[in-house]
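Here's a walk through the model, one contact at a time. Keep the structure open and follow along.

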Amino acid sequence: MSSPKSPRPLTTLQLKRLKAYIYAEPILDLQEFVATWDLNRQLIAQVCRVDLRTVNTWFSQGRTHQNPQTYHLWYLTTADIILQQYEYLPEFLQALLCTLDDY
């Protein structure tokens, strides 16, 4: 596929959709994800593209506790959609999200 010579302008509807996406909140939090899926902390770290130490701070209590950032929750939300709804996604979206042939 060749790349376009100049960027495509956004339509009003595309801009509206993009703004809705920008301001949307993830649909689940860490506790909901962990309650739904039996993933160890190392897998959660891989899903969120962080190290295990960071994930451990999410589960810790006291002064070392930190909450996941919104972008981490988006990774978890996307993983949840893949785990629950993958078969129902259009093929082009399946290919964009993950290629099973690689694993």
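Before we start: helices (H or I, at least four residues) and strands (E, at least two) are DSSP runs, numbered from the N terminus. What you're looking at is a predicted model, where local features need pLDDT of at least 70, side-chain atom pairs count only at pLDDT 80 or more, and totals for chains, interfaces and linings use all residues. Residues are numbered from 1 along each chain as its sequence is written, and side-chain values use heavy atoms, with hydrogens and water left out.

Let's begin in the loop between α3 and α4, where you'll find Arg49. Most residues other than glycine have a negative phi. Arg49 isn't a glycine, yet its phi is positive, at about 60 degrees. Is this residue buried or exposed? For that we need the cut-offs: buried means under 20% relative accessible area, exposed over 50%, and partly exposed in between (1.4 Å probe, protein chains only). Arg49 has a relative accessible area of 61%, so it's exposed.

Now for the helices on either side of that loop. Two packed helices are described by the angle between their axes and the distance between the axes. Here, axes are lines fitted to C-alpha atoms, for helices over the stretch in contact, and angles run from 0 to 180 degrees between N-to-C directions. Helix α3 (residues 41–48) packs against helix α4 (residues 52–59) at about 110 degrees, and their axes are 9 Å apart. Angles under 35 degrees count as roughly parallel, over 145 as roughly antiparallel, 65 to 115 as roughly perpendicular and the rest as oblique. So α3 and α4 are roughly perpendicular to each other.

Which residues do the touching between α3 and α4? Contact means heavy atoms within 4.5 Å. From α3 come Arg41, Gln42, Ile44, Ala45 and Cys48, and they meet Leu52, Val55, Asn56, Trp58 and Phe59 of α4. By class, the residues of this α3 and α4 contact split into 7 nonpolar, 2 polar and 1 charged. (Ala, Val, Leu, Ile, Met, Phe, Trp, Tyr, Cys and Pro count as nonpolar, Asp, Glu, Lys and Arg as charged, and the others, Gly among them, as polar.)

While you're in α4, have a look at Thr54. Its relative accessible area is 24%, so Thr54 is partly exposed.

α3 has another partner in α5: these two pack at about 105 degrees, with axes 8 Å apart. That makes α3 roughly perpendicular to α5. Ile44, Val47 and Cys48 of α3 make this contact with His72, Tyr75, Leu76 and Ala79 of α5. The tally for α3 with α5 is 6 nonpolar, 1 polar and no charged residues.

On to the rings. Rings of Phe, Tyr and Trp (its six-membered ring) pair if their centres lie within 6.5 Å; planes under 30 degrees apart count as stacked, over 60 as edge-to-face and the rest as tilted. How many aromatic pairs turn up in the whole structure? A search finds 1. Tyr21 and Trp74 form a tilted pair, 5.8 Å centre to centre with 40 degrees between the planes. The pair links distant parts of the chain, with Tyr21 in helix α1 (residues 12–23) and Trp74 in helix α5 (residues 70–85), 53 residues apart. Tyr21 counts as exposed at 54% relative accessibility, while Trp74, at 25%, is partly exposed.
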